[in-house]
Amino acid sequence: MTRLALEGVACLRGGRLLFEGLDLALAPGEAALVSGPNGVGKSSLIRIAAGLLSPAAGKIEVEGEIALMAEAPALDPELPLGNALGFWAGLDGRRGAVPDALAAVGLADIARVPVRMLSTGQRRRAALARVVASGAPIWLLDEPANGLDVASVALLEGLIAGHRAAGGIALVATHLPIALPDAREVAL
Ligand SMILES: Nc1ncnc2c1ncn2[C@@H]1O[C@H](COP(=O)(O)OP(=O)(O)OP(=O)(O)O)[C@@H](O)[C@H]1O
């Protein structure tokens, strides 16, 4: 069963203890909202959950595939958007999921436009499309609302709600308000 659990996790960066004793367990359909001011360690927590950063203490248990949305969209700037997304989806054998993912984030019309021509908000939505297309049950979203207009934030909220309704898990770090009904609050 899909699961993401952190037990007694501590984060040390550059010799500074950012947080410690963090416990969080998420089951299918559950979400957590990580909030706190700049530099408190929200991105570090996401990276720890993704397995990209080792915790100074504690342990992480992950059951299920992870999709990470970090600051950089990691999409080839020279490729048309649909192909850039297709590269990643193809690695998971899910190239066919790209059109629906593009439609889900409202970018179906610009599938042929090179990634470098996308606006800031479109680029964020493209990164979100990458997560959607992955089909991964565990979403780790680092500041997904950055650069999004009001309508796009609503779209993001709807996508997360749909993901949870389908049994997915979401861990979301944000300094902007995002409505996640019944989400666990993690204040760093
Ligand atoms: N590679 C590193 N080496 C040392 N310190 C680092 C490193 N990366 C980040 N830090 C420090 O760790 C702290 C937490 O960074 P992090 O990016 O996790 O914060 P954040 O809460 O996501 O901040 P923001 O809201 O500004 O994105 C910051 O003080 C940062 O300077």
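User: Which helices do the buried residues of α2 pack against?

Analyst: This is a predicted model. To read helix packing, find the buried residues, then see what they touch. In α2 (residues 81-91), the buried residues are Leu81, Gly82, Ala84, Leu85, Gly86, Trp88 and Ala89. They pack against α3 (98-104) and α4 (120-134).

User: Which residue with a positive phi follows α2?

Analyst: Gly93 follows α2. Its phi is near 65°.

User: Why does Leu141 count as buried?

Analyst: Count the C-beta atoms around a residue. The cut-off for buried is 20 or more others within 10 Å. Leu141 has 25 C-beta neighbours inside 10 Å, so it counts as buried. Leu141 sits in strand β6 (residues 138-142).

User: Which residues does Leu141 touch?

Analyst: Set aside residues up to four places away in sequence. Leu141 then touches Met69, Ala170 and Val172. Take Ala170: it is 29 residues from Leu141 along the chain, and the two C-alpha atoms are separated by 7.4 Å.

User: What does the UniProt annotation cover?

Analyst: An annotation comes from a record. Here an unreviewed UniProt entry gives "domain: ABC transporter" for residues 4-186. Over that stretch the chain is 32% helix and 27% strand. Its end C-alpha atoms are 14 Å apart.

Key:
Residues numbered from 1 in each chain as written. Predicted model: local features only at pLDDT ≥ 70, side-chain atom pairs only at ≥ 80, totals over all residues. UniProt positions renumbered as here; feature names shortened; annotations may be inferred. Helix = DSSP H or I, 4+ residues; strand = E, 2+ residues; numbered from the N terminus. Buried ≥ 20, exposed ≤ 12 C-beta atoms within 10 Å, placed from the backbone. Contact = placed C-beta atoms within 7 Å.
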